[in-house]
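Please keep the sequence and the model in view while reading.

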Amino acid sequence: WAWPWGPVLCHPILCHPLLCPGLAGPLQWLENCLRRAAEDREEEGVCHPVPLVPLSEENEEAMEDSGFRRLLCQLGLRPPANEQESFWRIPAALSPQQLRLSAASIAQRCHPAQCPQGLPEPPQSAQEPAA
C-alpha cells in the first residue's frame, strides 16, 4: 500500500493552508485516533474496525465539514455503512504502518517548510517536450 503520489509524508491536501484554520483541533484528534489504533493493533495482534467518536463539539462540527470528510475518505477511513452505524470508522484492513503514515501526514499539515514541494507535479511523459 502506498499513497498514489509516492512515498512522501506530506499529503497534498493536508499541506494546503486553507485546511488549517478552524480544523487544527480536529486534525490533532484524528492524528491521535490513528496513532492509538496503530498501537492497539500491534499490541493485540488483531485488527477490528474502530469508530471515530467525536467527543467534543469542535470534533463533531469537523465531522460535518465536507472537506474534513473528503480527507477521511482520502485516508482510507469509511463513513457509517448503514443507519445502525453513527460514526466513521478506521477499517480493519488498514495496517499499523498505514495508520502511522496517515498520522504523520496529518502532523505535517500546516508546516509548509516541511512540505517545500507543495502540490506534487504529475510526472512528465518521456514523449512530452520539456517546457
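## Overall architecture

The chain contains four helices and two strands. Followed along the sequence, these elements give the pattern α-β-α-α-β-α. The model is a predicted one.

Of the chain's 131 residues, 37% count as buried. Among contacts between residues at least 6 apart in sequence, 73% join residues at least 24 apart.

## Helix H1 against helix H4

Helix H1 spans residues 24–44 and helix H4 spans residues 96–107; the two pack at an angle of about 160°, and their axes are 8 Å apart. Because angles over 145 degrees count as roughly antiparallel, H1 and H4 are therefore described as roughly antiparallel to each other. Their crossing is left-handed.

On the H1 side, the contact involves Leu27, Leu30, Glu31, Leu34, Arg35, Ala37, Ala38, Glu39, Arg41 and Glu42. These residues meet Pro96, Leu99, Arg100, Ser102, Ala103, Ala104, Ile106 and Ala107 of H4. By class, the residues of the contact of H1 with H4 comprise 11 nonpolar, one polar and six charged.

## Helix H1 against helix H3

H1 also packs with H3: their axes come within 12 Å and cross at roughly 20°. This angle makes H1 roughly parallel to H3. The crossing of H1 and H3 is right-handed.

Pro26, Leu27 and Leu30 of H1 form this contact with Phe68, Leu71 and Leu72 of H3. The contact of H1 with H3 has six nonpolar residues, with no polar and no charged ones.

## Helix H2 against helix H3

The axes of H2 and H3 come within 5 Å and cross at roughly 80°. H2 and H3 are therefore roughly perpendicular to each other.

From H2, the residues Ala62, Met63 and Glu64 take part, and they meet Ser66, Phe68, Arg69 and Leu72 in H3. The residues of the contact of H2 with H3 divide into four nonpolar, one polar and two charged.

## The nonpolar core

The largest nonpolar core consists of 22 residues. Those with the most contacts inside this core are Leu30, Leu34, Leu52, Phe68, Leu72, Leu77 and Ile90. Two or more residues of the core come from each of H1, helix H2 (57–64), helix H3 (66–74) and H4. H1 provides the largest share, seven residues.

Leu30, one of the residues with the most contacts in the core, belongs to the contact of H1 with H4 and to the contact of H1 with H3. Leu72, likewise listed among the core residues with the most contacts, takes part in the contact of H1 with H3 and in the contact of H2 with H3. Leaving aside residues up to four places away in sequence, Leu72 touches Leu30, Leu52, Met63, Leu77 and Trp88.

## Gly25 in helix H1

Gly25 lies in helix H1. Its relative accessibility is 28%, so Gly25 counts as partly exposed, a class that lies between the limits of 20% and 50%.

When residues up to four places away in sequence are not counted, Gly25 touches Glu58 and Asn59. The C-alpha atoms of Gly25 and Ala62 are separated by 9.2 Å, while the two residues are 37 residues apart along the chain. Ala62 is itself one of the H2 residues that meet H3.

Key:
Residues numbered from 1 in each chain as written. Predicted model: local features only at pLDDT ≥ 70, side-chain atom pairs only at ≥ 80, totals over all residues. Heavy atoms only, no water. Axes fitted to C-alpha atoms, helices over the stretch in contact; angles between N-to-C directions. Parallel < 35°, antiparallel > 145°, perpendicular 65-115°, else oblique. Left-handed = near helix turned anticlockwise from the far one by under 90°. Contact = heavy atoms within 4.5 Å. Nonpolar A, V, L, I, M, F, W, Y, C, P; charged D, E, K, R; others polar. Core = buried A, V, L, I, M, F, W, Y, C linked by side-chain atoms within 4.5 Å. Buried < 20%, exposed > 50% of the residue type's maximum accessible area, 1.4 Å probe, protein only.
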